[in-house]
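Reader: I am new to this structure, and I would like to go through the terms used for it one at a time. Please set each value beside its definition before you conclude anything.

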Amino acid sequence: MQSVKTVPTTPPRRLLAQLGIDGRLLFMVLAIAGIWIAFNLLTGGVFITSRNLWNLSVQTASVGVMVSGMVLVIVMRNIDLSIGSILGFTGMAMAVLNIRVFTQDTWWGALLTLALGLLLGLGIGMLQGTWVAVLGVPSFIVTLGGLLIFRGGAWLLTSGQTVAPLTETFQILGGGLNGSIGGPASWGVGALIAAAIMWTDLRNYQQRARRGLPNRTAILQFVFTGVTLALVLAFVLVMNSYPDPRSGLPRGMPVPVLIMLAVTAIMMWVVRATRFGRYVFAYGGNPEAARLAGINTTRLTILVFGIMGMLAALAGAIQTARLNAGTNSTGTLAELSVIAAAVIGGTSLAGGTGSIPGAFLGAILMASLINGMLLLDLPSAWQNVVQGLVLMLAVTLDGIFQRRRAK
């Protein structure tokens, strides 16, 4: 229901359709591979190392957590410019709670801090959604105001002071020294992911065959599933190749990466298998038709913005825990990376069309660019220039794609 498929008109498109490959996802994978190879050459082989790829996975987590929520917002023909400020505000609030309220380093204190932070983000998102849906104010204006309000709110919480250090238990969320699950547990998680992939692919293949829908051949499906499993194996091997500096044992998968993967999987399920997900895309495709069909569009808008706010708060917890401090600058310009990742991944700014897997790949691409520029020691001004150009290019390509699809 994400988009209306048309008959491919060019040989490459027909070939991709026959193979059951999403052309935009393939382009994303090739673009990421090209970026990795280029940065690896420019950095003298530093980029593609277990240490840097482990760090890259952690750096991707914040954008990766938020981007699926942004897909839903944009699909519904809205935008949320405030997520970077919500990230910083909720992160600062959790830092204050963690240090000044739950002073003892306990698991329940860290869990309660996170829960309250998520509720705060949910409340902020639903408030902005209400402003958009009930009062009819454009989301651009509402969230632009939120960008200023919550950035100032982060400063007002502590009068501009940095709040640190956080408890060691809360730092686990950021993937610090204790923020990974080790080698054996990583293999266990990898096995679970592999089993889920095989079950999902088999189930989808059988359902399409039973309903008479276009399907890959059994051999081709076997190859595609095998390639996916090989990528999972490679990921686990890379995560386990980076040793813990204290013990020398494999660090394994970082906790924030596990959170990102869990959020992505849940959001993919929501979009593909729930009435809520179908309503979001129906509204984005034709808002008036959705209202006439009896969809409560006001509640739908409020819920989507609430989810976005909660995911921004979760990213705030990850960022704050990773920095081991609540700072006023946390999350600055994060909204640009998230919007760029969503659009690059196939989410149309015109609404109605979006892809969670594509947005996830977009998050990896944006994080790879930032990571590579940091390794090259580019000034922050040039980093901003590159990110701005990438955002403009993404929107331009989206416009070209939409015009070609309309023909």
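Predicted model: local features only at pLDDT ≥ 70, side-chain atom pairs only at ≥ 80, totals over all residues.

Reader: Why is Ser-159 called exposed?

Author: Buried means under 20% relative accessible area, exposed means over 50%, and partly exposed is in between (1.4 Å probe, protein chains only). Ser-159 has a relative accessible area of 52%, and is therefore exposed. Ser-159 is also found in the loop between helix 6 and helix 7, and its phi is near 55°, a positive value in a residue other than glycine.

Reader: What makes Leu-333 count as partly exposed?

Author: The relative accessibility of Leu-333 is 39%, so Leu-333 counts as partly exposed. Leu-333 sits in the loop between helix 13 and helix 14, and although Leu-333 is not a glycine, its phi is positive, at about 65°.

Reader: How do you know whether Gly-306 is buried or exposed?

Author: Gly-306, whose place is in helix 13, has a relative accessible area of 0%, and so it is buried. Leaving aside neighbours within four places in sequence, Gly-306 is in contact (heavy atoms within 4.5 Å) with Gly-121, Leu-122, Gly-125 and Met-126. The C-alpha atoms of Gly-306 and Gly-129 are separated by 7.0 Å, although these residues are 177 residues apart along the chain.

Reader: Why are helix 3 and helix 13 called roughly antiparallel?

Author: Axes are lines fitted to C-alpha atoms, for helices over the stretch in contact, and angles run from 0 to 180 degrees between N-to-C directions. Angles under 35 degrees count as roughly parallel, over 145 as roughly antiparallel, 65 to 115 as roughly perpendicular and the rest as oblique. The axes of helix 3 and helix 13 (residues 297-323) cross at roughly 175° and come within 8 Å, and the two helices are therefore roughly antiparallel to each other. By class, their contact has 15 nonpolar, five polar and one charged residues, where Ala, Val, Leu, Ile, Met, Phe, Trp, Tyr, Cys and Pro count as nonpolar, Asp, Glu, Lys and Arg as charged, and the others, Gly among them, as polar.

Reader: At what angle do helix 3 and helix 14 pack?

Author: Helix 3 (residues 50-75) and helix 14 (residues 334-344) pack at an angle of about 65°, with their axes 9 Å apart. The residues of this contact divide into 11 nonpolar, one polar and no charged.

Reader: How do you know that the span of helix 10 agrees with its number of residues?

Author: The expected span is 1.5 Å times one less than the number of residues. For the 19 residues of helix 10 (residues 255-273) this should be 27 Å, and the end C-alpha atoms are 27 Å apart, so the two agree.

Definitions and conventions: Residues numbered from 1 in each chain as written. Heavy atoms only, no water. Helix = DSSP H or I, 4+ residues; strand = E, 2+ residues; numbered from the N terminus.
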